[in-house]
Amino acid sequence: MHGAPGRLASGPPIAVIDIGSNSVRLVVYEGLTRAPTPIFNEKALCGLGREVLSTGRLAQDAVERAFAALKRFRALCDAMRVGRILALATAAARDAQNGPAFIAECEAICGVSIELLTGKREAELAACGVVSGVHQPDGIVGDLGGGSLELVDVKGQKIGTGITLPLGGLALEDRSSKSPRKAEKIVRETMPEAGVLSQLAGRTFYAVGGTWRALARLHMFQKGYPLHVMHGYTLPAKEALDFSRIVHRADPEALAHIDMVSDARRPLLTYGALVLENVVRLGRPSEVVISAMGVREGLLYSLLTPEARREDPLIAAAGELNLLRSRAPRHGEELVAWTDGFFASSLVLEESEEETRLRRAACLLADIGWRAHPDYRGEQSLNIIAHAAFVGVDHPGRGYIALAVYFRHMGLGEDEYGTRVLELVSTGMLDRARILGAAMRVAYLLSAAMPGILPRTPLKVDGDQLVLGVPQDLSALINERVMSRLRQLAKLIGREPQVVVGD
């Protein structure tokens, strides 16, 4: 290891080099896990696919930029002691006449073989990326690159057969001679070939790729959205359709907050918006969800054992943070079981499967802020959770987990919080976050965040009473502060508090 206690002991880092039609990117992950965390991420916008359709070749200046980027990436991998480098290339290198020679030189620079993805394989990996990062996905994955658009149906862990269309931003720019009107005609003539879109009605469209992320970032800032996390950002279908129409008809430089999008990415916004508009118009999804997980993460996911792939990525990530940052990681696991018993004992607190997994994640994350000053533990925990690189959770779920842990530290007073995270959650989720936070306040005061106490002090709803069971040898742990917090929790759920001492 690197002498860094803040790193997981999950083996050496693993790197993915992605030679795309627009960008060449290196992402180094902490290890091969169910919820891999990037420890380094860099891209170079080389524009390899800029002229492939019109000239049949990769432009020489783009090739030179790619070689320079790859030399740096190889040196970075050596410096970071990467254990394994995976490299792949997509549409531009696949379609160009000089693609084979380009790939051969890339392999010489990187020192590894490069998988030249077919359109079908690219669609499959993009779908794997969505499966890896979205809890029980159900819809169509669309991966928009510089050269192509891949579409594939996904439901749970089941992935359909993908198709590829030459509708990437650089490809459209090239084929249309930079005319948005011509590009619109090309898209409208090509898109009906995507029969998979007939399966999209009323389901979710998962948008993958840098151009669509840039489009969503622009929407996010124009809307004044309270969270700047791209993965899981959701647009209702009509809103996605209206916004796409505005962007593809406007001069990108005239759009509000256009500075949120890099200069190199702006010219492609028009084409990305045009493709998204036609996907929504033809497919009629219920919503568009942005996925930051794509081909690279799909490749890592495909390398996991079947058992590891079945793990819940949110619980896995929360468990990792619990291990890295809590005073006693086993206490977080005991808190999960302790609240399992409490919630299961009350019909009033009956949970859906989704509510259960969010509560369990919150329990694992409840002590990650303990090193902060007591006045700021709630705020720091909330910020870490709301902005963490979690997957397998939507934005309301993030808000619920963050608020529950905030309440655990800061109390439940109405004036105790002024965070915009509140805008993410429903009233019902806020109520549940307050109840869970109140239960955690009992648990942490009772156990001092140490393992071994909670399994012996069950909390149950019994009729009209909230009963805390305490064995005789632990009875000295009960004082007025514990009783005060128990009364507060009991009041929230409409029960009378009672402590029962005895073996």
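What follows covers the overall build of the protein, its surface and charges, and its cysteines. The model is predicted, so local features need pLDDT of at least 70 and side-chain atom pairs count only at pLDDT 80 or more, while totals for chains, interfaces and linings use all residues. Residues are numbered from 1 along each chain as its sequence is written, and side-chain values use heavy atoms, with hydrogens and water left out.

The protein holds 19 helices and 15 strands, taken as DSSP runs (helices H or I, at least four residues; strands E, at least two) numbered from the N terminus. Its radius of gyration is 25 Å, close to the 23 Å from the globule rule for 503 residues, so the protein is as compact as a globular protein of that length. That radius runs over C-alpha atoms, and the rule is 2.2 Å times the number of residues to the power 0.38. Among contacts (heavy atoms within 4.5 Å) with a separation of 6 or more, 71% join residues 24 or more positions apart.

As for the surface, 56% of the 503 residues count as buried, meaning under 20% relative accessible area with a 1.4 Å probe, protein chains only. The mean positions of the 58 positive and 58 negative charges lie 2 Å apart, with Lys and Arg as positive, Asp and Glu as negative, and His and the chain ends not counted; charges are placed at NZ of Lys, CZ of Arg, CG of Asp or CD of Glu.

There are 0 disulfides (cysteine sulfur pairs within 2.5 Å). The sulfur of cysteine 77 sits 8.1 Å from the closest cysteine sulfur, in cysteine 110, too far for a bond. Cysteine 110 is in no disulfide either, its nearest cysteine sulfur being that of cysteine 106, 6.2 Å away. Cysteine 77 is buried at 1% relative accessibility, and cysteine 110 is buried at 1%.

Key:
Buried < 20%, exposed > 50% of the residue type's maximum accessible area, 1.4 Å probe, protein only.
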